[in-house]
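Subject: Structure for your review

Dear colleague,

Please find the structure below, together with its sequence.

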Amino acid sequence: MDDGSDGVDQTPGSMTLSVIDAISSVDPELWDGLAKVDSARTINPFISHAFLSCLEDAGCVGPRSGWQVQHLALSDDSGRIVAVAPAYLKSHSQGEYVFDHGWADAFERAGGRYYPKLQISAPFSPVTGPRLLVGSGDETGLCRHMMAQAIKGYVAAAGVSSAHATFLTPDDLAALSDDEFLHRTDQQFHFVNRGYDSYDEFLETLASRKRKGLRKERRDALDNGISIERLSGRELTESAWDAFFSFYMDTGSRKWGRPYLNRRFFSLLGERMGPSVVLVMAKREGRYIAGALNLVGAGRIFGRYWGCIEEHPFLHFEVCYHQAIDYAIEHKLEVVEAGAQGEHKLARGYEPVTTHSAHYIAHSGLRAAVEQYLRRERRDVERMHELLSDHTPFRKNDDGDHGGS
């Protein structure tokens, strides 16, 4: 594995680790079959073969972007692939949403070499989901453990500084934590659909003042003749993508300097994942003025990108947050994940949720320093979670729980 691509390494337990430098070389049914890890056999869209292939075929990931494809595959004695992981060799820490720039700076000031590193994630997507894809058979626990060991073996053989698995499910976190990965936490805000039949029914769980405020906010957002459209499947025309891409580029250029996704990616997304896409678009005087991209899967709707070419009060909240709640209630989805950060979501019915990542660091000195830092950080995240949970807009019952529980 010296060059970080197409290498093979023997792992404990007679498993073989292979490095795959293009997801097109993996059968989509095999990959997605391993990605369906829950009892319902559903798939998180951000680790699906289709989504990852859109990124690769559009050139959003690859050596030029600093996201060199290094998907990992474990095979048994017969050559059958029993586990895979979406992985990338990174020359920077952009597009990850779990920030380790400080670790890199400290290590390099001390004479170390932090990059390249291995990133196990859904690129550009702060979305919790499976990372050690093992299907749902009887040996999933063993396969996760073997993949965790194989990742450490990759770090040693490839000579990289570290491996980082971000936005983990509990099963993946447990497997990695058992194999010397350091545990990190962070905060997001999700809307939980507790079986509501309508948005109004959800509003009834809120305190009166909050309920009135949100009704007014939604009315005000659609002042000035603004209407909302939801586009999916065949409705995702190239002209609609052109409009949305202009919104995306404007937001991306202002926020982080260089947007991660190109125009071709969105066309491929519509072509390959159209039924899973929900593009919420705001229109005024016959043209689109704002939009938000969502993906649906695994009982959830995931809000990803927003942008606009006209500024209107509360329009961002309507297009990104309220519309996603409407959609989740209408389609009986369990959760809305509206992306990273954003305490302003709290007032709109989103609740604090702790996210998890795991980090394997080869250098013992850096590892010890990071471990000490993460202990403090986890305590801070826990305290913030408790504080935010006490300030949700929900009505309180006598036992202190909110009325939607």
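Strand E15 (351–361) gives the largest share of the lining of the second largest pocket, namely four residues. Strands (E, at least two residues) and helices (H or I, at least four) are DSSP runs, numbered from the N terminus. A pocket is found on a 1 Å grid over the protein atoms alone, as an open set of points where a 1.4 Å probe fits, with protein on both sides within 12 Å along at least five of seven lines; lining residues have an atom within 4 Å of a point.

Please note that this is a predicted model, in which local features need pLDDT of at least 70 and side-chain atom pairs count only at pLDDT 80 or more, whereas totals for chains, interfaces and linings use all residues. Residues are numbered from 1 along each chain as its sequence is written, and side-chain values use heavy atoms, with hydrogens and water left out.

The second largest pocket

The second largest pocket holds about 550 Å³ of space, where a volume is the space filled by probe spheres set on the points, and grid points are joined across faces, edges and corners. Its lining consists of 29 residues, and Thr128, Gly129, Pro130, Thr169 and Arg300 are the ones nearest the centre. Besides E15, the elements that give two or more residues to this lining are H4, H5 and strand E13 (300–308). By class, the lining has 10 nonpolar, 12 polar and seven charged residues. Here Ala, Val, Leu, Ile, Met, Phe, Trp, Tyr, Cys and Pro count as nonpolar, Asp, Glu, Lys and Arg as charged, and the others, Gly among them, as polar.

Helix packing

Helix H4 (residues 140–158) packs against helix H5 (residues 170–177) at an angle of about 55 degrees, and their axes are 9 Å apart. Axes are lines fitted to C-alpha atoms, for helices over the stretch in contact, and angles run from 0 to 180 degrees between N-to-C directions. H4 and H5 are therefore oblique to each other; angles under 35 degrees count as roughly parallel, over 145 as roughly antiparallel, 65 to 115 as roughly perpendicular and the rest as oblique. The crossing of H4 and H5 is right-handed, a term used if the near helix is turned clockwise from the far one by less than a right angle, with left-handed used if anticlockwise. In this contact (heavy atoms within 4.5 Å), Arg144, His145, Ala148 and Ile151 of H4 meet Asp171, Asp172, Ala175 and Leu176 of H5. These comprise four nonpolar, one polar and three charged residues.

Helix H2 (residues 49–57) and helix H9 (residues 263–273) also have axes 9 Å apart, with an angle of about 150 degrees. H2 is therefore roughly antiparallel to H9, and the crossing is right-handed. From H2, Ala50, Phe51, Ser53, Cys54, Leu55 and Asp57 meet Arg264, Phe265, Leu268, Leu269, Arg272 and Met273 in H9. The contact of H2 with H9 has eight nonpolar, one polar and three charged residues.

Helix H7 (residues 208–221) and helix H10 (residues 315–330) cross at roughly 120 degrees, their axes coming within 9 Å. The crossing of H7 and H10 is left-handed.

Backbone features

The peptide bond from tyrosine 115 to proline 116 is cis, with omega near 5 degrees. Proline 116 lies in the loop between helix H3 (101–109) and strand E7 (117–120). Tyrosine 97, which is not a glycine, has a positive phi near 70 degrees.

Yours sincerely
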